[in-house]
Amino acid sequence: MAGISAVGWLLTLYVTHGEYKVPGGKLVAVDLEVEDGRLRDVRVSGDFFLEPDEALDSINAALEGLSAGLEAGEFGGRVQAGLPQGTVMLGVSAEAIGIAVRRALAHASDWRDHDWQLIQTEPQAPALHMALDQVLAGEVGAGRRPPTLRVWEWASNSVIIGSFQSLRNEVDAEQAERHGVTVVRRISGGGAMFVEPGNTITYSLYAPESLVAGMSFAESYAFLDDWVLGALGDLGIKAWYQPLNDIASANGKIAGAAQKRLAAGAVLHHVTMAYDIDADKMTQVLRIGREKISDKGIASAKKRVDPLRSQTGLPREQVIDRMIAHFRTRYGLTDDRLTEAELRMAEKLAMEKFSSPSWTARVP
């Protein structure tokens, strides 16, 4: 951003740039000036398709002079209203343009503005994984760690319930004990996830809030999952983002995501992907699994979750390697490791918080 500052918002003039990659679509870029709190000299561009050509001038004109205080949806609404009749937009939408404008005004960062780090460790206990998510997100927010992608390995069977879920409503305690399943609660919302070592792929992104600046929670889910769609495409799977927090294919659900924005200025986004689910065990342990199947009249949970193994034919380790390679090519990625201080903090938090019945059953 380049700019000239004067006293007061209404006397401010600055020039800014924003970008938004439409999930499964194209890149939208916006360059604009803000003068006296109004958008000036707006220039929308990108690798999208638009007919007729004159529609681009109409988009710029619709945004010209608008208040910089509008939300993304309001910008998008003005764009939509200003389009010539019969306009065809491919790889872009009025809503996406509105998000790009809002990101420009919020001085949002882009993926490649950051030095992404990769952490892969030996299998770890479920409570330690929960603690690492909180610690690493906090470290990124504090600026002590660069944005990081962490790929998890599980030391035991587990059910991870969302921050606001009822323990007794989600988990059959007797079945969990019978199957050696450890139940933990994470700091993000969303639904329960059933995992087994070797049968799931779980990863976390720890990023500064600037990466999702100008986006709602719903919009940021799709944005942060877009690279996964590309990685799955490399593996021969046509997948898409399914609001609010799922990744799906024609053969069924592949993954579920959850997100938490921390007061420290970081966003935690983590995803669990099904590689080879033991559907019978899952529905014995998860009460909600049985209810959803009953609601939908589905005879088998295997029809609800389509494992990656059946769609790729590859060993789990190769799927993970291919996903990491896609991220590295797309955004850059440097191999890293946990610091001793991070691990100590996480071990303490795992023992005092995430292994504590008072946390796990905080919603009984």
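Which residues in α1 meet which residues in α2? The points below take up this contact and then the sheets and the helices packed on them.

1. This is a predicted model, in which local features need pLDDT of at least 70 and side-chain atom pairs count only at pLDDT 80 or more, while totals for chains, interfaces and linings use all residues. Residues are numbered from 1 along each chain as its sequence is written, and side-chain values use heavy atoms, with hydrogens and water left out.

2. From α1, Ser58, Ile59, Ala62 and Leu63 meet Phe75, Arg78, Val79 and Gly82 of α2, where contact means heavy atoms within 4.5 Å and helices are DSSP runs (H or I, at least four residues; strands are E, at least two), numbered from the N terminus. These residues divide into five nonpolar, two polar and one charged, with Ala, Val, Leu, Ile, Met, Phe, Trp, Tyr, Cys and Pro counted as nonpolar, Asp, Glu, Lys and Arg as charged, and the others, Gly among them, as polar.

3. Helix α1 (residues 54-63) packs against helix α2 (residues 72-82) at an angle of about 135°, the axes being 8 Å apart; axes are lines fitted to C-alpha atoms, for helices over the stretch in contact, and angles run from 0 to 180 degrees between N-to-C directions. That angle makes α1 oblique to α2, since angles under 35 degrees count as roughly parallel, over 145 as roughly antiparallel, 65 to 115 as roughly perpendicular and the rest as oblique.

4. Eight strands form an open sheet with mixed pairing, in the order β13-β14-β15-β16-β12-β8-β7-β17, where two strands pair if DSSP finds at least two bridges between them. Its edge strands, β13 (239-242) and β17 (334-336), each pair on one side only, and neighbouring strands are turned by 25° against each other on average, direction ignored. Within this sheet β7 (residues 117-120) and β8 (residues 148-151) are parallel and share four bridges, with leucine 118 standing opposite leucine 149 in β8.

5. Two helices deserve attention beside this sheet. Helix α7 (residues 217-234) touches β8, β12 (200-208), β13, β14 (246-249), β15 (252-262) and β16 (266-274), and its direction makes about 135° with that of β15. Helix α11 (residues 316-331) lies across β7, β8, β12, β16 and β17, at about 20° to β12.

6. The helices α7 and α11 also pack on each other, at an angle of about 120° and with axes 9 Å apart, which makes α7 oblique to α11; their crossing is right-handed. In this contact Asp226, Trp227, Val228, Gly230, Ala231 and Asp234 of α7 meet Arg322, Met323, His326, Phe327, Arg330 and Tyr331 of α11, and by class there are six nonpolar, two polar and four charged residues.

7. Phenylalanine 327 and tyrosine 331, both in α11 and four residues apart, about one turn of the helix, form an edge-to-face aromatic pair, with 5.2 Å centre to centre and 80° between the planes. Rings of Phe, Tyr and Trp (its six-membered ring) pair if their centres lie within 6.5 Å, and planes under 30 degrees apart count as stacked, over 60 as edge-to-face and the rest as tilted.

8. A three-stranded open sheet has the order β10-β9-β11 and mixed pairing. Four bridges join β9 (residues 158-161) to β10 in parallel, and isoleucine 161 has arginine 185 in β10 as its bridge partner.

Methods:
Left-handed = near helix turned anticlockwise from the far one by under 90°.
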